[in-house]
Amino acid sequence: MHKPVILIPASYNADQPPDKFHFNKAYIVAIEKAGGFPIGVMRPDESAVDEIFDTIDGLYLMGGNDIDPKEYGEEDKSCILCEPERDATEQLLIKKAMERNMPIFAICRGFQVLNVALGGSLYQDVLKDMPGAQMHSFHRDAENQPLPRNLLAHDVSINPNTALHMLSQKTQMGVNSLHHQGIKKLGERLIVSATAPDGLIEAIEIKDYPFGVAVEWHPEELHDDASHKLFSAFIEASRKYHETKNRN
């Protein structure tokens, strides 16, 4: 059986020398366990993207640094380590994927960049900017010690008649939380599939699209049934895309 080829644009860090492109291992392992074949891309020229897309079956957007607020018409007030080149690359890849109805699965920063690519905006700092917001950044404890990345920080309420509800078979589930930004204005063509107790949007889907799912939490770090089903559904959708692409 064909292993769907999943394109993953790399993270980038310049805060600690040397500068580096990288992929957190958990993202890769989750794709492989679900039956996909992950391949990485750095910052391709637009002229190369169509050729790349001829060889892949799904687009997977990882977490990482903040999106430059200029992408949604704001000045930088609270962002950390923006990288405009990554913003441009990922928005281009989203555009190209959607032109082909290619499956898209996006996590954390990927969730946010999908929203921005479709005309939405972000809270640059949820605690500062969103009335009634709760803590969402559980990287470290009060003593500045690292917290487990699979720590269940809060529940999310899952909306009925969504892909997330169909896959999880849940109306509520516990999730980890490793972000300080979040969706303010929802992008076009998107629907909300889950929210946090404070009302912050936690999952979105592309309306009337074969598979376009994005979550603010990190299912690659969790090992529950619902998380596995998210990855399995993405890979199965990518397999179907591959079969359809090769019949046309």
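# Close-up views of a predicted model

**Figure 1. Helix H1 and the residue after it.** In helix H1, which covers residues 25-33, the buried residues are Ala26, Tyr27, Ile28, Ala30 and Ile31. The structure shown here and in the other views is a predicted model. H1 is followed by Gly35, and the phi of Gly35 is positive, near 105 degrees.

**Figure 2. The protein chain as a whole, for orientation.** The protein chain holds seven helices and 13 strands. Its C-alpha trace spans about 55 × 40 × 35 Å along the principal axes. The radius of gyration is 17 Å, which agrees with the value near 18 Å that a compact globule of 248 residues would have. Of the 248 residues, 53% count as buried.

**Figure 3. Helix H3 and its buried residues.** Helix H3 runs over residues 84-99 and has 16 residues. From its first C-alpha to its last, H3 reaches 23 Å, close to the 22 Å expected at 1.5 Å a residue. The buried residues in H3 are Arg86, Asp87, Thr89, Glu90, Gln91, Leu92, Leu93, Ile94, Lys96, Ala97 and Met98. An α-helix has 3.6 residues a turn, so residues three or four places apart point the same way. The buried set of H3 includes charged side chains, among them Arg86, Asp87, Glu90 and Lys96.

**Figure 4. The stretch that follows H3.** Just after H3, Asn101 takes a positive phi of about 55 degrees. Met102 lies in the loop between H3 and strand S6, the latter covering residues 104-107. Met102 counts as buried because its relative accessibility is 0%, and the cut-off for buried is under 20%. The C-alpha atoms of Met102 and Leu147 are separated by 35 Å, and these two residues are 45 apart along the chain.

Figure 5. Cys82 counts as partly exposed, at 29% relative accessibility. Cys108 is buried, with a relative accessible area of 6%.

**Figure 6. The largest pocket and its lining.** The largest pocket holds about 770 Å³ of space. Its lining is made up of 27 residues, and those nearest the centre are Gly64, Asn65, His139, Arg149 and Leu178. Strand S2 (11-13), strand S3 (20-22) and helix H4 (109-117) each supply at least two residues of the lining. By residue class, the lining divides into seven nonpolar, 14 polar and six charged residues.

Figure 7. Asn144 is placed in the loop between helix H5 (126-129) and S8. The phi of Asn144 is near 65 degrees, a positive value in a residue other than glycine. Val156 is found in strand S8, which covers residues 154-158. With a relative accessible area of 1%, Val156 is buried. From C-alpha to C-alpha, Val156 and Ser11 are 27 Å apart in space, and they are 145 residues apart in sequence.

Figure 8. Pro160 lies in the loop between S8 and helix H6, the helix of residues 163-168. Pro160 is exposed because its relative accessible area is 54%, and exposed means over 50%. Pro160 and Met135 are 25 residues apart in sequence, with 26 Å between their C-alpha atoms.

**Figure 9. Arg189, in the loop between two strands.** Arg189 lies in the loop that joins strand S10 (182-185) and strand S11 (190-195). Although Arg189 is not a glycine, its phi is positive, at about 70 degrees. At 42% relative accessibility, Arg189 counts as partly exposed.

Note on methods: Residues are numbered from 1 along each chain as its sequence is written. This is a predicted model: local features need pLDDT of at least 70, side-chain atom pairs count only at pLDDT 80 or more; totals for chains, interfaces and linings use all residues. Side-chain values use heavy atoms; hydrogens and water are left out. Helices (H or I, at least four residues) and strands (E, at least two) are DSSP runs, numbered from the N terminus. The expected span of a helix is 1.5 Å times one less than its number of residues. Buried means under 20% relative accessible area, exposed over 50%, partly exposed in between (1.4 Å probe, protein chains only). On a 1 Å grid over the protein atoms alone, a cavity is a set of points where a 1.4 Å probe fits but cannot get out, and a pocket is an open set with protein on both sides within 12 Å along at least five of seven lines; lining residues have an atom within 4 Å of a point. Grid points are joined across faces, edges and corners, and a volume is the space filled by probe spheres set on the points. The radius of gyration is taken over C-alpha atoms; the globule rule is 2.2 Å times the number of residues to the power 0.38.
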